[in-house]
Amino acid sequence: MKLIKLIPLVAMLVACNKGTDLQTADVQIQAVKITEAWVRASAPGQSVGAAYMTLTSSEDSTLVYAETPAADSVEIHSMSMDNGVMKMRMLDELALKAGKPENLAPGGFHLMLFGLQNPLKAGENINFRLCFKDKTNKITEQNVTLPVKEN
Ligand SMILES: [Cu+2]
């Protein structure tokens, strides 16, 4: 598997934190609906993991950053077949079209967890913070809790 890192994580972190400050002054926050969200259980000693979910935004929006206390870092990945070889690629961001559910699911888009603190056990719940950027480049964050499942 080939991982291509395009943007340093630090840059995205700054973007999200900046948005957090702006958010407090704003009353009209468009929430992105997060459904069918789960984290794959990991084996002991495994340092990477994956989280899946369906994101539906009522307005054009973009997922720009994700983090969880369960891992050192989270990247947005795509997965595709290239000449019979599964390839993962890191994305700077994931665009959400208004009203169109975007599926992060096994074999496609996913959130990749690096540096797992502990094995992710089925039945546990993992918190995530997701940052979304709207059409006007305003960034808002959403906190979600994802169940850990085997499959
Ligand atoms: Cu991945």
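**Pairing.** I started with two terms: helices (H or I, at least four residues) and strands (E, at least two) are DSSP runs, numbered from the N terminus. Two strands pair if DSSP finds at least two bridges between them.

**What I am looking at.** This is a predicted model, where local features need pLDDT of at least 70, side-chain atom pairs count only at pLDDT 80 or more, and totals for chains, interfaces and linings use all residues. Residues are numbered from 1 along each chain as its sequence is written.

I looked up the confidence next; pLDDT is the predictor's confidence in each residue, from 0 to 100. The protein chain has an average pLDDT of 86, and 80% of the residues score at least 70. I marked residues 18-28, over which pLDDT stays under 50. Where pLDDT is low, the predicted coordinates should not be read in detail.

**The overall plan.** I found one helix and 10 strands in the protein chain. In sequence order the pattern is α-β-β-β-β-β-β-β-β-β-β.

For contacts I used this rule: two residues are in contact if their C-beta atoms, placed from the backbone, lie within 7 Å. Taking contacts between residues at least 6 apart in sequence, I saw that 73% join residues at least 24 apart.

**Strand 2 and its partners.** Which way do strand 2 and strand 8 pair, and over how many bridges? They are antiparallel, with four bridges. Within that pair, alanine 50 stands opposite methionine 112, and glycine 49 has leucine 113 as its bridge partner.

I then checked strand 1, which pairs with strand 2 in the antiparallel sense over five bridges. There, lysine 33 has threonine 56 of strand 2 as its bridge partner. Strand 7 also runs antiparallel to strand 2, joined by three bridges; here leucine 55 stands opposite glutamate 102.

Strand 8 has another partner in my notes: six bridges join it to strand 4, again antiparallel. Histidine 77 has histidine 110 in strand 8 as its bridge partner.

A residue is buried if 20 or more other C-beta atoms lie within 10 Å of its own, exposed if 12 or fewer, and partly exposed in between, with C-beta atoms placed from the backbone. Of the 151 residues of the protein chain, 26% count as buried.

**The core.** I noted the term first: a nonpolar core is a set of buried Ala, Val, Leu, Ile, Met, Phe, Trp, Tyr and Cys residues joined through C-beta atoms within 7 Å. The largest one has 26 residues, and those with the most contacts inside it are Ala51, Leu63, Ala66, Leu111, Ile126 and Phe132. At least two residues of this core come from each of strand 2 (48-56), strand 3 (61-67), strand 4 (71-82), strand 8 (110-116), strand 9 (125-134) and strand 10 (139-149). Strand 9 gives the most, with five residues. In soluble globular proteins, nonpolar side chains tend to be buried together.

I followed up isoleucine 126. Beyond residues up to four places away in sequence, isoleucine 126 touches Val39, Thr68, Ala70, Leu120, Leu146 and Val148.

**Leucine 104.** Is leucine 104 buried or exposed? Leucine 104 is buried, because 22 other C-beta atoms lie within 10 Å. I located leucine 104 in strand 7 (residues 102-104). From tyrosine 52, leucine 104 is 52 residues away in sequence, yet their C-alpha atoms are 4.9 Å apart.

**The loop between strand 9 and strand 10.** Lysine 135 is in this loop. Lysine 135 is exposed, because it has 11 other C-beta atoms within 10 Å. Leaving aside neighbours within four places in sequence, lysine 135 is in contact with Glu59 and Asp60.

Asparagine 137 is found in this loop too, and has a positive phi of about 70° although it is not a glycine. Most residues other than glycine have a negative phi. Glutamate 36 also went on my list, with a positive phi near 45°; glutamate 36 is found in strand 1 (residues 33-40).
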